[in-house]
Amino acid sequence: MDEAGSCTSGGGFRPGVDSLDEPPNSRIFLVISKYTPESVLRERFSPFGEIQDIWVVRDKHTKESKGIAFVKFARSSQACRAMEEMHGRCLGPNDTKPIKVFIAQSRSSGSHRDVEDEELTRIFVMIPKSYTEEDLREKFKVYGDIEYCSIIKNKVTGESKGLGYVRYLKPSQAAQAIENCDRKQPSEFSNFDKNDNRGQEAISKRLSVVSRVPFTEEQLFSIFDIVPGLEYCEVQRDPYSNYGHGVVQYFNVASAIYAKYKLHGFQYPPGNRIGVSFIDDGSNATDLLRKMATQMVAAQLASMVWNNPSQQQFLQFGGSSGSQLPQIQTDIVLPPCKKKAPPETPVKERLFIVFNPHPLPLDVLEDIFCRFGNLIEVYLVSGKNVGYAKYADRISANDAINTLHGKILNGVRLKVMLADSPREESNKRQRTY
């Protein structure tokens, strides 16, 4: 739906297309009665903050309302609070049907998925490396009720990387936290002591991406659109090599930091790891190419180790320089690996797994699903973005569902649910024949 071409507004101010999503998540999408006038929308939603404009979606021919509207607020926290307070309520005494209120999807996004709760309630922050999770909670609890805090640590040394997550119970609380942090200066990103962040990378809204396998702009967009706030991406051709490299830019530093640490090492296509690093906004073309060349060498070496079982064994069992492979990048806390059950063990529970945008490699899946104990086997369905995991214990299977369902690992979102029992599937096949 083209909002600009299909909507009318009684307001005098019309923000440009580029300002519709500034700040991010500042527009709400409404499902209302076809007979609700704009004046009622303005009256009911103005208590939540400054309304910059209202669009009522109308039929191009009849000019009648389609029962859909958009309200643009000046601040994200205002839009989130309006959603929290008004979703499921009736607009007037004569209205019997509750309205629906959602945060509108970014117009720059190529997808039409809903803005998910996790994207609205979780923020990504830079912190002093000396901070504990309790320090992080204490610092950010002033903005609202915190569900959990998490600090990203080096998998080998266990040391903090100076980065973390804070998840609030309400989207408006997370928006308040972001609005009260200075995102213009990376060293003051979370209003912390600048001297406590020494030694970190130069940070900007721009990222360079390198791969041993060439990619298109559409592919690059589909990968980095996983992180909200993508502004544009551009593939850069190198006549002297077959490597793929490009530049990605986000609307804000927070999204760029999140993308860098979420997608660096991400496999696309499976078996090929991409390298992601920050681009200094003041760097010249020579510096950029030098950085890309360094990344390409690192990516090639990582891929060689990944595809060489003997090298993996060296790194895992006594090698002096490696973290254990396969590497799993996620913000959730995974239990340590446990031994798999013998292949002949009876299956007590089977899980159905859906991958978006593509399946994870089989060795990564085994590493993930064996951590809950009693895993017999995990396998993929050829040609489809689905797979199965067999467990010898129902408690282990339920633990896997509770921990992994809806979560993102190595840039891939998982849906994990109970599958039909083997007996039920056997009966289905018999009926088919």
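I began with Glu377, which is partly exposed at 33% relative accessible area. I use buried for under 20% relative accessible area, exposed for over 50%, and partly exposed for in between, with a 1.4 Å probe and protein chains only. This is a predicted model, so I kept its rules in mind: local features need pLDDT of at least 70, side-chain atom pairs count only at pLDDT 80 or more, and totals for chains, interfaces and linings use all residues. Residues are numbered from 1 along each chain as its sequence is written, and side-chain values use heavy atoms, with hydrogens and water left out.

**Entry: charged pairs**

Which residue forms a salt bridge with Glu377? I found Lys390, with the closest N and O atoms 3.6 Å apart. Glu377 lies in strand β14 and Lys390 in strand β15, so the pair ties together parts that are 13 residues apart in sequence. Lys390 is partly exposed, at 23% relative accessible area. I count a salt bridge when a side-chain nitrogen of Lys or Arg is within 4 Å of a carboxyl oxygen of Asp or Glu. Side chains of opposite charge can pair when their charged atoms come close. By this rule I get eight salt bridges.

I checked two others. Arg42 pairs with Glu38, and their closest N and O atoms are 3.4 Å apart. Both lie in helix α2 (residues 38-45), four residues apart, about one turn of the helix. Arg42 is partly exposed at 31% relative accessibility, whereas Glu38 is buried at 17%. Lys141 forms a salt bridge with Glu138, the closest N and O atoms being 3.0 Å apart. Lys141 is partly exposed, with a relative accessible area of 45%.

**Entry: the sheet**

I went back to the strands. Helices (H or I, at least four residues) and strands (E, at least two) are DSSP runs, numbered from the N terminus. Two strands pair if DSSP finds at least two bridges between them.

In what order do the five strands of the open sheet run? I read β14-β15-β13-β17-β16, with antiparallel pairing. β14 (375-380) and β16 (408-409) stand at the edges with a single partner strand each, so one side of each is left without a neighbour in the sheet. β14 pairs with β15 (residues 386-391) over five bridges, in the antiparallel sense. Glu377 has Lys390 as its bridge partner in β15. Helix α11 (residues 362-369) packs on the sheet and touches β13 (349-356), β14, β15, β16 and β17 (412-418). The direction of α11 makes about 145° with that of β14. Helix α12 (residues 394-404) also packs on the sheet, touching β13, β15, β16 and β17. The direction of α12 makes about 145° with that of β17. My axes are lines fitted to C-alpha atoms, for helices over the stretch in contact, and angles run from 0 to 180 degrees between N-to-C directions.

I then followed β13. β13 and β15 pair antiparallel over six bridges. Val354 has Val386 as its bridge partner in β15. Six bridges also join β13 to β17, again antiparallel. Ile353 has Val416 as its bridge partner in β17.

**Entry: helices**

In helix α7 (residues 217-224) I noted Leu220, Ile223 and Phe224 as buried. Down the axis of α7, its buried residues fall within an arc of 85°, so they line one face of the helix. The arc is that of the directions from the helix axis to the C-beta atoms. The buried residues of α7 pack against β9 (206-211), β10 (230-236), β11 (244-250), α8 (253-263) and β12 (275-278).

Tyr261 has its place in helix α8. Tyr261 is partly exposed at 24% relative accessibility. Tyr261 and Thr330 are 69 residues apart in sequence and 9.2 Å apart in space, C-alpha to C-alpha.

Ser77 lies in helix α3 (residues 76-86). Is Ser77 buried or exposed? I have it as buried, at 6% relative accessibility. Leaving aside neighbours within four places in sequence, Ser77 is in contact (heavy atoms within 4.5 Å) with Ser172, Ala175, Gln176 and Glu179.

**Entry: whole protein**

I closed with totals. The protein has 13 helices and 17 strands. Buried residues make up 45% of its 433 residues.
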